[in-house]
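Please walk me through this model, strand by strand.

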Amino acid sequence: VLAKNNRVFYINHPYSYKDYFTEIPGDQYRERRARLRGGDNQYEEVHPKVISVIPPLTLPINFLPVGPLHRSLNQRNQGIILRAIKEVITRYNIKRFIYLNCFNPFFAPVLPKEYGAVMSIYQCIDDMAVSEYTIRHGVRLEEEAIRAADALTVTSRELYRLKSPLNPVAHIVHNAAETAIFQRAQTEALPCPPELTHLEGKVIGFVGNMDALRIDYPLLKKIAETHTDKTLVLVGPVNSPEIKNLGIDRLRNVVFTGPKPIEELAPYLQRFDCAIIPFLCNTLTKSIYPLKINEYLAAGRPVVSTSFSEDIQSFGEHIYLSDSHEAFLNNIQRAIAEDSIERREERLEVAQNNNWDARVEQIWEIINDFIQQKTTNVGQPV
């Protein structure tokens, strides 16, 4: 969406030397791996106005304790990424630009002033303190990044509560959905996905990463065992042993499709009679504004969710919030029974207020307010 009216340069998270030697090579990675040996930026045009930049290799240093060695090697890594960004600026003759670092305080979280960015924004999309990997250095580095940035954006109300004390220019910019993709589940007769063609009866569906930190796996098992007349369809990668530990993969009315590209999700959602967000209620999910809520709503699906965060609770008029497993199980039946064309249209309207066009408009308001304030203080245009 930003590229509709601007050039966008996306600086990828760099490969480390550890990645270089240990990552399982696919065709795309093999091609990149050969070029990484050269030590130069790699450029890929992914859209007429979007250039993806892969920087040179960096050192893997997250395992090191806080101290002089980590600081020294971190400065070396910073130098690699800053030189890569400087090359982009020079190569494409970039004169006036906004720098946005999305949740990566490890590499160039804020650009030095001499690089000439009109504004540096740090975007926080999750709580660094809940991940074993990021808690070692990420929390400290992110605090430094937030303090140094011209502005901070966060994706949830809980993150705003946690992070806004670090920067006086803080804004909530929620996640959004590509509603046009998911709206097709309402407006078009889409072919049934091959994994679902044999299904009879109602379908309860989830789309997303089944990881170890977010998903309530005992709840998933209860859903399948309680709603035996329905099929539970799980679309996305499985990254937790709990699926096997609890025997969910052996239940006859559970279907795993594996991960799917976003462009292929609408046909799955069209087959859902009820979409679910079975998140745990914990420190991590408390700070989540789930991307999938607006995707589900754009597809017109009735949604049943746990009441895991203040942000999901803000959708209370349009979804079925559940404070217990029993309530969740009952709400599935209720959501299916109460579905209607009118309710589907209402859900789409909610989602369209949360699409990327709306979010980018909000981002530009933040940028323009900052520039106007800076112009007023300095006394000349920026």
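Strands β11 (residues 274-277) and β12 (residues 303-306) run parallel and are joined by 3 bridges. Strands here are DSSP runs (E, at least two residues), numbered from the N terminus. Two strands pair if DSSP finds at least two bridges between them. I276 has V304 in β12 as its bridge partner.

This is a predicted model, in which local features need pLDDT of at least 70 and side-chain atom pairs count only at pLDDT 80 or more, while totals for chains, interfaces and linings use all residues. Residues are numbered from 1 along each chain as its sequence is written, and side-chain values use heavy atoms, with hydrogens and water left out.

Now the whole sheet. It is open, has 6 strands and pairs in parallel, in the order β10-β9-β8-β11-β12-β13. The edges are β10 (254-258) and β13 (320-322); each has a single partner strand, so one side of each is left without a neighbour in the sheet. Neighbouring strands of this sheet are turned by 25° against each other on average, direction ignored. Such angles run from 0 to 180 degrees between N-to-C directions, and the axes are lines fitted to C-alpha atoms.

There is also an open sheet of 4 strands, with parallel pairing and the order β4-β5-β6-β7. Its edge strands, β4 (98-102) and β7 (170-172), each pair on one side only. Y122 stands opposite L152 in β6.
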